[in-house]
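Subject: Structure for you to look at

Hello,

Here is the structure I said I would pass on. Please open it beside this email, and my notes follow below.

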Amino acid sequence: MDARGPLCVGIDPHPELLADWGLGDDVAGLERFCGTVVGALADQVAVLKPQSAFFERFGWRGVAVLERTVAEARGAGALVLLDVKRGDIGSTMAAYAGAYLDPAAPLFADAVTLSPYLGVGSLAPALDAARAAGAGVFVLALTSNPEGAAVQRAQTADGRTVAGAVLDELSRRNAEAAPLGSFGAVVGATVDDPVDSLAINGPLLAPGLGAQGATPADLVRVFGGVVGNVLPSVSRDVLRAGPSPEGLRAAVRDRTTALRKALG
Ligand SMILES: O=c1ccn([C@@H]2O[C@H](COP(=O)(O)O)[C@@H](O)[C@H]2O)c(=O)[nH]1
């Protein structure tokens with residue numbers, strides 16, 4: 001982020017975007033789309049975030065494109081955050097950890113998104129695997145969608161919010177790390193006053209800019225004193241500038257300038 005700017009660009013090949021780019025809604029279109037984004041941006045942005053669902057919908061051929069996309073993006077110098085939002089009982093979580101956080105796995109990524117709905121403690125196998133591999137995780141805490149708050153702001157038996165309990169556990173896991181731990185949280189740039197402390201000594205992924213309505217000024221509102229730990233994430237708002245590589249790069253330059261200005 002210091003070298004390239006505070007921006008994560010999502011690789012979200014929506015069918016509408018494939019059509020807008022003049023590509024088919026098929027594996028060839030998917031491959032072309034991802035190749036264009038990686039070729040244009042992997043040496044420009046800090047992080048690329050492929051959204052697994054858009055690859056999985058094409059079955060194993062789509063997953064093969066995802067493998068190549070992750071490898072090419074990492075090869076060109078971007079960190080790759082694979083947005084898979086996994087979460088399961090501990091024994092199965094260990095299998096997910098093996099799929100994404102074992103450096104020998106075909107889909108190994110620098111970080112993955114995890115869902116704590118089965119209890120944040122159930123994610124331990126993935127957190128341990130990430131630590132062992134020098135990788136990271138981003139656990140959903142306060143998501144950018146309007147439906148999230150009803151669950152995430154509900155109170156637990158000890159009076160904390162559900163999101164607060166997740167953030168506390170990440171903070172505990174990051175306690176000894178410097179300058180920042182590898183256990184991050186997802187907190188949408190769209191959320192109302194977060195209430196819970198976001199000072200988890202870890203990175204904060206902030207989706208919701210652009211297509212979901214948030215602006216750089218919202219980052220300052222939501223994250224306040226920890227805004228320096230925020231990695232803003234944008235997908236459609238940048239991807240709509242394609243298919244020209246120069247259009248994509250110009251969109252990234254504009255967003256990065258605006259973010260640098262807002263975040264200070
Ligand atoms: O709370 C969350 C967690 C993840 N996302 C993901 O980010 C992108 C957002 O795409 P845009 O086109 O910039 O709206 C997408 O992959 C989501 O799954 C999120 O939006 N909110």
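A word on records before anything else: UniProt positions are given in the numbering used here, feature names are shortened, and annotations may be inferred rather than shown by experiment. Under "active site", UniProt (unreviewed entry) lists Lys-85. The record also places "domain: Orotidine 5'-phosphate decarboxylase" (unreviewed entry) at residues 6-251.

This is a predicted model, in which local features need pLDDT of at least 70 and side-chain atom pairs count only at pLDDT 80 or more, while totals for chains, interfaces and linings use all residues. Residues are numbered from 1 along each chain as its sequence is written.

Overall picture

The protein has 11 helices and eight strands; helices (H or I, at least four residues) and strands (E, at least two) are DSSP runs, numbered from the N terminus. Over residues 6-251 the chain is 41% helix and 16% strand. The C-alpha trace spans about 55 × 40 × 35 Å along its principal axes. Of the 264 residues, 46% count as buried. A residue is buried if 20 or more other C-beta atoms lie within 10 Å of its own, exposed if 12 or fewer, and partly exposed in between, with C-beta atoms placed from the backbone.

The listed site

Lys-85 lies in strand β3. Lys-85 counts as partly exposed because it has 18 C-beta neighbours inside 10 Å. Leaving out residues up to four places away in sequence, Lys-85 touches Thr-113, Leu-114, Ser-115 and Leu-140. Two residues are in contact if their C-beta atoms, placed from the backbone, lie within 7 Å.

The core

A nonpolar core is a set of buried Ala, Val, Leu, Ile, Met, Phe, Trp, Tyr and Cys residues joined through C-beta atoms within 7 Å. The largest one here has 80 residues, and Val-139 and Ala-185 touch the most other members. Helix α2 (residues 27-41) gives the largest share of this core, seven residues. Beyond its neighbours within four places in sequence, Ala-185 has contacts that include Val-139, Leu-167, Leu-170 and Ile-200. In soluble globular proteins, nonpolar side chains tend to be buried together.

In helix α8 (residues 162-174), the buried residues include Val-166, Leu-167 and Leu-170. Among the elements covering the buried residues of α8 are β5 (136-142) and β6 (183-187).

Which residues of α4 are buried? They are Gly-62, Val-65, Leu-66, Thr-69, Val-70 and Ala-73. These residues cover an arc of only 140° around the axis, so they sit on the same side of α4; the arc is that of the directions from the helix axis to the C-beta atoms. The face turned away from the buried side of α4 carries the exposed residues Trp-60 and Gly-75.

Backbone details

Most residues other than glycine have a negative phi, and most peptide bonds are trans. A cis peptide bond joins Ala-178 and Pro-179, with omega about 0°, and Pro-179 lies in the loop between α8 and β6. The bond from Gly-242 to Pro-243 is also cis, with omega near 5°. Val-195 has a positive phi, near 65°, and Asn-201 has a positive phi near 55°.

Regards
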